[in-house]
Amino acid sequence: MNNKKNFGILIGLFTLVLLSVSCSQGTSQPGSSAPTVSPTATPDLSQPPASKEAIITELIPQGKMAQRNESNNVTIEAVLQSKLTVGSKELTFNVTMDTHSVNLDVYDLAGMATLRNSQGQQFKATSWQAPKGGHHRSGTLDFKSDQPILQQDTKYIELLIKDVANVPERVLLWELRQSGS
């Protein structure tokens, strides 16, 4: 009977040792090789703090990519070619001019076109690449700036073309919305 009693005590001690070892595995003792777990995480200072609002990186035109103005027997159509990225400093349009009464070769849109955003900023065209065509002319109209043309809260952009066929100003408008909205 004494042996059974000693065996029971031995099993009890063995169980206590196992419980003690399993409970202490999460802590580190000096000289032990167990990893140290810090109770507070160190913030990553290389990244800006997360905002509660999503950062918008792209704007999307509402409606058609092509906008058209018909006045004084001249039709001007502009198709937005650039992806509308917030912070973009360049935008490109394909522009087509058509008429049956005016020689369109005399118009250099680089000097006649301005881009305006909803914040009121204006940007002059930097180039107009279009071959001569008489009554039908198509080409690429570029805008490049040292400051962003599109901002996160830009609601629209307008392409303004002045003095084609005695029309003081033609306005082609693209309303924009934030991607994901």
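Modeller: Strands here are DSSP runs of E with at least two residues, numbered from the N terminus, while helices are runs of H or I with at least four. The model is a predicted one, in which local features need pLDDT of at least 70 and side-chain atom pairs count only at pLDDT 80 or more, whereas totals for chains, interfaces and linings use all residues. Residues are numbered from 1 along each chain as its sequence is written, and side-chain values use heavy atoms, with hydrogens and water left out.

Arg170 is buried but has no salt bridge, and Glu70, the nearest side chain of opposite charge, is 8.6 Å away. Buried means under 20% relative accessible area, exposed means over 50%, and partly exposed lies in between, with a 1.4 Å probe and protein chains only. A salt bridge requires a side-chain nitrogen of Lys or Arg within 4 Å of a carboxyl oxygen of Asp or Glu. For charge, Lys and Arg count as positive and Asp and Glu as negative; His and the chain ends are not counted.

The side chain of Arg170 does reach backbone oxygens: that of Ser71 at 3.0 Å and that of Val74 at 3.1 Å. Leaving aside residues up to four places away in sequence, Arg170 touches residues including Asn69, Ile76, Leu159 and Leu160, where contact means heavy atoms within 4.5 Å.

The structure holds two aromatic pairs. Rings of Phe, Tyr and Trp (its six-membered ring) pair if their centres lie within 6.5 Å; planes under 30 degrees apart count as stacked, over 60 as edge-to-face and the rest as tilted. The rings of Phe93 and Phe143 have centres 5.9 Å apart and planes at 85°, so this pair is edge-to-face. It joins distant parts of the chain, with Phe93 in strand β4 (residues 90-99) and Phe143 in strand β8 (residues 136-144), 50 residues apart. The pair of Phe93 and Trp174 is tilted, at 5.1 Å centre to centre and 45° between the planes. Phe93 and Phe143 are buried, and Trp174 is buried as well. Phe93, Phe143 and Trp174 form one aromatic cluster.

Thr114, in strand β5 (residues 113-117), counts as buried because its relative accessibility is 5%. Beyond residues up to four places away in sequence, Thr114 touches Phe143 and Leu159, among others.

Definitions and conventions. A polar contact is a pair of N or O atoms within 3.5 Å; within protein, one must be able to donate a hydrogen and the other to accept it, and residues adjacent in sequence count only if both atoms are side-chain atoms.
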